[in-house]
Amino acid sequence: MKLSTVDARVAVNKRRFAPLRGKVLAAIAGGGALGFVYAGHALAQASSPSGGIGAQLNTISGEAINSGGTAFGMSCYLAAAVCFGLGVWALWQSRQPQNRETGHVGRGLAGLVLCGLFATAGVWINKASITASGGNATINTTPQMVQFGTGG
Amino acid sequence: MQGLINFATAIGDGIAVLLPAFCYLAACGCFFFFAWTLWTWSQPHRYHHHHWHRPWVPWVSLILSGVFASFPQFLTMADVSAGTSLAVSLTSYAPTTPPNASNVLGNAPTATVVNVVTLFQHFFQAFGAACVFWAIMTWRAIVNGRINGSPTACGVQFVFGVLCINIVSVANGVVSFFQTGS
């Protein structure tokens, strides 16, 4: 394409849209002013909106807790099964003549104990909570928010 | 000013909502790490395990799983240690109403400082709780040998977080310290 043709088109378009130039600028300025008016209204509100950041994050955290709790429960279930199976297998192997001195009994006992540990994970987390902070575990699968009392 | 307070309060609400979720996931992760590390140590190749020469590593995670599962009580204990006895608890989500900023100016500059701090108290408290959580997570990573860092810095971050939770008491203390009049 020749440059002269392009120049001619530009000139034609320039003449065509010349009357709109002022109107477009006015429309942009008006929109901006409306935006500021709206922003001023938003900045002046005194109460927290019900659909704000906290509400959205509450939904997100609920999903995270739900999926994380499900994954944790599944992991503990599988780990308990693995520990039980391999523990019993280690005890079985410990009775074979060629495996008498390779720690199979210890592995077997550890597997059975850890099977119970995984199967009762929540109970042990609660015991750890009592040890760490003197009270039962309060964080659960319900999405909640931290609340601060008076005196801070 | 009111808009900034509204925004800060909304951010504080977001942190206060996310923190229990993070604590839940951290408690689950710490417990699984504890039990699975013990299982791997029972295997014949345990001497090659990278935590074998630090026998306290899984037990630290067990205790921290309890800390995260009862994080509000833990923060309350820290507040008692700080001398304010501010109680931290959990509640169902409800949007926090931001305080009114129309009377921010007090009779003296010191009163203004305390007023401003009080207006942003909710954000400071939520941010402080998040600082404490992050300090514990960083300390655990250092203890486990996963990152290189300073446990002392974690302690400083922990204290900073507790001070943020009790920011109004701290502000009043600082203001009274600098008041020289009769």
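Reader: Why are helix 2 and helix 5 of chain B called roughly antiparallel?
Author: In this predicted model, the axes of helix 2 of chain B and helix 5 (residues 121-143) of chain B cross at roughly 170 degrees, coming within 10 Å. Anything over 145 degrees counts as roughly antiparallel, so that is what this pair is.

Reader: Which residues make that contact?
Author: From helix 2 of chain B they include Val57(B), Leu64(B) and Phe68(B), and from helix 5 of chain B they include Phe133(B), Trp139(B) and Arg140(B). Sorted by class, the contact has ten nonpolar, one polar and one charged residues.

Reader: What makes helix 1 and helix 2 of chain B roughly antiparallel?
Author: Try the angle again. Helix 1 (residues 2-41) and helix 2 (residues 57-69) of chain B pack at about 160 degrees, with axes 8 Å apart. The cut-off is over 145 degrees, so the pair is roughly antiparallel. The crossing of these two helices is left-handed.

Reader: And what kinds of residues meet between helix 1 and helix 2 of chain B?
Author: There are 16 nonpolar, three polar and no charged ones. Among them are Phe31(B), Phe34(B) and Trp41(B) from helix 1, which face a group in helix 2 that includes Trp59(B), Leu62(B) and Phe68(B).

Reader: How do you know whether helix 4 of chain A is parallel or perpendicular to helix 2 of chain B?
Author: Helix 4 (residues 121-133) of chain A packs against helix 2 of chain B at an angle of about 85 degrees, and their axes are 7 Å apart. The range for roughly perpendicular is 65 to 115 degrees, so these two are roughly perpendicular. Ile125(A) and Ala128(A) are among the residues on one side, with Leu62(B) and Gly66(B) among those on the other. The classes here are seven nonpolar, four polar and no charged.

Reader: How many residues does each chain put into the contact between chain A and chain B?
Author: Chain B gives 64 residues and chain A gives 57. About 4900 Å² is buried between them, and carbon and sulfur atoms give 72% of that. In chain B, Tyr24(B), Phe31(B) and Trp39(B) lose the most area to chain A. The salt bridge count between the chains is zero.

Reader: One last thing: what makes Ser85(B) stand out?
Author: Its phi is positive, about 55 degrees, although Ser85(B) is not a glycine. Most residues other than glycine have a negative phi. You'll find Ser85(B) in the loop between helix 3 (71-82) and strand 1 (88-91) of chain B.

Key. Residues are numbered from 1 along each chain as its sequence is written. Chains are lettered from A and ligands numbered from 1 in the order in which they are written. This is a predicted model: local features need pLDDT of at least 70, side-chain atom pairs count only at pLDDT 80 or more; totals for chains, interfaces and linings use all residues. Side-chain values use heavy atoms; hydrogens and water are left out. Axes are lines fitted to C-alpha atoms, for helices over the stretch in contact, and angles run from 0 to 180 degrees between N-to-C directions. Helices (H or I, at least four residues) and strands (E, at least two) are DSSP runs, numbered from the N terminus. Angles under 35 degrees count as roughly parallel, over 145 as roughly antiparallel, 65 to 115 as roughly perpendicular and the rest as oblique. A crossing is left-handed if the near helix is turned anticlockwise from the far one by less than a right angle, and right-handed if clockwise. Contact means heavy atoms within 4.5 Å. Ala, Val, Leu, Ile, Met, Phe, Trp, Tyr, Cys and Pro count as nonpolar, Asp, Glu, Lys and Arg as charged, and the others, Gly among them, as polar. Buried area is the accessible area (1.4 Å probe) that two parts lose on being put together, summed over both. A salt bridge is a side-chain nitrogen of Lys or Arg within 4 Å of a carboxyl oxygen of Asp or Glu.
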